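Thanks for making the time, everyone. I would like to walk through one model with you, going from the overall dimensions down to a single side-chain contact.

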Amino acid sequence: DVVALGRIIPLGDIVSVATPSGAGDARIAELKVAIGDVVEKEDVLAVLDNLPQLQSAVLSAKASLRVRDATLAQTIASNQASLGEAQALLERSQATATAAQADLVRVTSLLERGITPRAEYDRSVAAADEAQRDVNRAIATLSRYAAGSETVQADIAVAEANQEASRAEVARATQDLERAYVRAPDAGTVLDIHVRAGERPPSDGIIDLGDTSQMTVEAEVYQTMIGRVTIGDPVTISAEALKKDLTGTVSAIGLEIGRQSITSDDPASNTDARVVDVIVTLDAPSSELARSFTNLEAIVRIDAGRVE
């Protein structure tokens, strides 16, 4: 047998859940879970005291967006109203110009027959010219508010740009709101909680999670013996705290040699040995029995060489 020290861990090891990036100096306002609770991915584990501030930012951004929406609608309505006024002005100017032209024709005829004085003719010509200038001005005004004109496009483009900026601000504020929540990165069981409400979150994580539906054992095999271990080898695990020995099989062998991190109580033991991590997957009955013993130190006996 290959004998090694090991520790019982959940599948994938223990995950220390930290506060979200950008939470700053926020403190814990409320814990949503207790030790032993089973959580799903994205469940809220804790709420930080920056939540009211971030919620206020979202409300402010949404209010600004409503203002931008109203400004855009007002700009479109104003342009449409100006377009209607310009069309009405053009129609009046054209009617006036038509009447002035008709009067000029009449006065010209009278002048040719010597019935009206020259001064009347000059007045009629001036009135016709002024009426035509009014028509030209009305056409120019109408062109400013016609669909596709530079003036209309510029006004609407500015309003739309402001609207898009406000939408982006709402999206950013909504995303920032997640800084107030500590969520589970994956499904698992709450193994330990390292903080209480009102405290500043520690840098090494506030809650430990683990997938205890499948328990495993991490064994540290000496580098001189690792060559005898093969995937699928049967394994027996024993510890004083266990009612009976656990059984499983080797499911993974590490690719890197490192320093020993699991040590026994024997003061004469080698604490600077070079080892390779070996993962043992427990069978269903053993996994159920080991569920309450995360991080328990155990003796691992690998029946090496049984798998061809």
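Predicted model: local features only at pLDDT ≥ 70, side-chain atom pairs only at ≥ 80, totals over all residues.

As for aromatic pairs, the structure holds zero of them.

Moving up to secondary structure, the protein comes to four helices and 11 strands. Of the helices, I will take H1, which covers residues 51–112, and H2, which covers residues 118–145; the two pack at an angle of about 160°, with 8 Å between their axes. Since an angle over 145 degrees counts as roughly antiparallel, H1 is therefore roughly antiparallel to H2. The crossing in which H1 passes H2 is left-handed, and the residues of their contact divide into 19 nonpolar, 11 polar and five charged.

Finally, the overall dimensions: along its principal axes, the C-alpha trace of the protein spans about 140 × 50 × 35 Å. The radius of gyration is 42 Å, whereas a compact globule of 308 residues would have one near 19 Å.

Note on methods: Residues numbered from 1 in each chain as written. Heavy atoms only, no water. Axes fitted to C-alpha atoms, helices over the stretch in contact; angles between N-to-C directions. Parallel < 35°, antiparallel > 145°, perpendicular 65-115°, else oblique. Left-handed = near helix turned anticlockwise from the far one by under 90°. Nonpolar A, V, L, I, M, F, W, Y, C, P; charged D, E, K, R; others polar. Phe/Tyr/Trp six-rings, centres within 6.5 Å; stacked < 30°, edge-to-face > 60°. Rg over C-alpha atoms; globule rule 2.2 N^0.38 Å.
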